[in-house]
Amino acid sequence: MVSFVSLRNDLNMTLTNDQKRYLEEWMNFLKIPSVSADPSYKKDVAQAAEWVKDALENVGCVHTEIIPTNGHPIVYGEHLIDPKLPTVLVYGHYDVQPPDPLELWDSPPFEPIIKTTPLHPEGAVFARGACDDKGQMFMHIKAFEVMKKKGSLSCNIKFMIEGEEEVGSDHLEDFVKNNKQKLTCDVILISDTGMISREQPSISTGLRGLSYMEVTVTGPNRDLHSGLYGGAVANPINVLCEMIAQLHDDKKRITIPGFYDNVEALSENERAAMAEAPFDLEEFKNSIGIKEVSGEASYSNEERRTIRPTLDVNGIWGGYIGEGAKTVIPSKAHAKISMRLVPNQDWNEISKLFSNHFQSIAPEGVTVDVQTHHGGYAYVTPTDNIAYQAAHHAYLDTFGIPPIPSRGGGSIPIVPMFENELGVKSILMGFGLDSDAIHSPNEHYGLFNFFKGIETIPKFYEHFSKLNGNNI
Ligand code: BES
Ligand code: MN
Ligand code: MN
């Protein structure tokens, strides 16, 4: 049972009975550890799919089904009220990132709890998936409930909620390719990104692409005593570090030949418009505890993390990492390396360029193996269409100020695929904040954001239907 004692109701956050129920349901959902990456959670992932199906059924969605795949299931729902009205396809994911490292959580990741923070005086729910994407996706189910109860539903709705987003959406792609008729719609609506701040709403107009690699450097055929062999044998960890260090130059540009060939360059006007969005560098540094930012020369902090491609090591391991000291030259060293890509970069091509380059800079005395994990293309949402306008007016209605279009740095590889396969654009109405700690320990999602989302989403339907010429 959720305790509301910790909820402060002094900041416009008096909850109705319905809102209390939404909160309770959301917190129950968060108890299911639907970690898609780890096969030991397979049953929990399946249970989360059932939970989503039941949630759709409970709010009166007329047709719901669970579609098994060779990976985790897809939950599909359909509520078609009038063929003359436009159809909105809601996409979201019920899978979550692994909660590790567990010891860095202040409360267990699958025991949701409401706590207040300086940014969230009304409270925020802390749990893995609170924001990404269980909380944000659930707002759509509750928005549907609200519209249905009010009798204000003005569009047909389809829900497609997957369980493999955090591991590359491998099986959703086939499902979409084989079910184009079923998925026919006028727009795809997604809440799986963020906004600038609680005071300043924004609509994500871009996602970066991704190319995810894993490399292994092999030296001697066994681990060696570093006294007997040290100095005469290439140490794979030393070599891997040297190789990684060569992947950027002193201007922090990526040195892979051809890497920047197709990179979309923004016009001075577009860059100037970006620079106008509110941003406080000191606050940015303080929020993550760093003294100075670091990135590609000649680009602003916000450009570096949205419109420019990057290369980062996500993990590196090898040799002895246990207690105490062990003198050893390891046989192997490994790293997981990902690149965030921007429009016009082809992730398959970039993966090949990386692979060839990484092999080519290997010194004598080691062999290098490079594997591609997964990837995806970047995406840009145009702003000159009815769907974007509908989103714009929805935020204007509920925040009282116009939302700013804002390119994001994260990736949702299935979004460009939707456009290719279905020919439909996605509108990214994210209500998260950078401070929500998605993918990190202590992930949370503000009650303000959650309820603001539930309030704003119905406005999108209303405006979208009206802008499509319907008198509602
Ligand atoms: N919801 C995120 C993506 C996101 C978050 C975009 C915030 C913009 C702002 C999504 O669940 C995610 O984590 N995507 C992965 C890619 C995927 C292939 C694992 C990512 O961006 O690392
Ligand atoms: Mn997500
Ligand atoms: Mn994610």
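The manganese ion (ligand 3) and the manganese ion (ligand 2) lie 3.6 Å apart, and Asp-132 coordinates both. The model is predicted: local features need pLDDT of at least 70, side-chain atom pairs count only at pLDDT 80 or more, and totals for chains, interfaces and linings use all residues. Residues are numbered from 1 along each chain as its sequence is written, chains are lettered from A and ligands numbered from 1 in the order in which they are written, and side-chain values use heavy atoms, with hydrogens and water left out.

Take ligand 3 first. The protein donors of this manganese ion are Asp-132 (OD), Glu-166 (OE), Glu-166 (OE) and His-439 (NE2), at 2.1 to 2.5 Å. Donors are N, O and S atoms within 2.8 Å of the metal (3.2 Å for Na, K and Ca); water is not among the atoms, so sites may look incomplete. In sequence, the donor residues of ligand 3 are spaced D-x33-E-x272-H. Glu-166 sits in the loop between strand S6 (156-162) and helix H4 (170-178), and His-439 in the loop between strand S17 (426-428) and strand S18 (444-446), 273 residues apart. Helices (H or I, at least four residues) and strands (E, at least two) are DSSP runs, numbered from the N terminus. Glu-166 is buried because its relative accessibility is 14%. His-439 is partly exposed, at 38%. Buried means under 20% relative accessible area, exposed over 50%, and partly exposed in between (1.4 Å probe, protein chains only).

Now ligand 2. His-93 (NE2), Asp-132 (OD), Asp-192 (OD) and Asp-192 (OD) coordinate this manganese ion at 2.0 to 2.5 Å. Its donors follow the spacing H-x38-D-x59-D. His-93 belongs to strand S3 (residues 87-93), while Asp-192 lies in the loop between strand S7 (187-190) and strand S8 (202-207), 99 residues apart. His-93 is buried, at 0% relative accessibility. Asp-192 is buried too, at 12%.

Elsewhere, strands S1 (residues 63-67) and S2 (residues 74-79) run antiparallel, joined by five bridges. Two strands pair if DSSP finds at least two bridges between them. Ile-67 has Ile-74 in S2 as its bridge partner. A hairpin of six residues joins S1 to S2.
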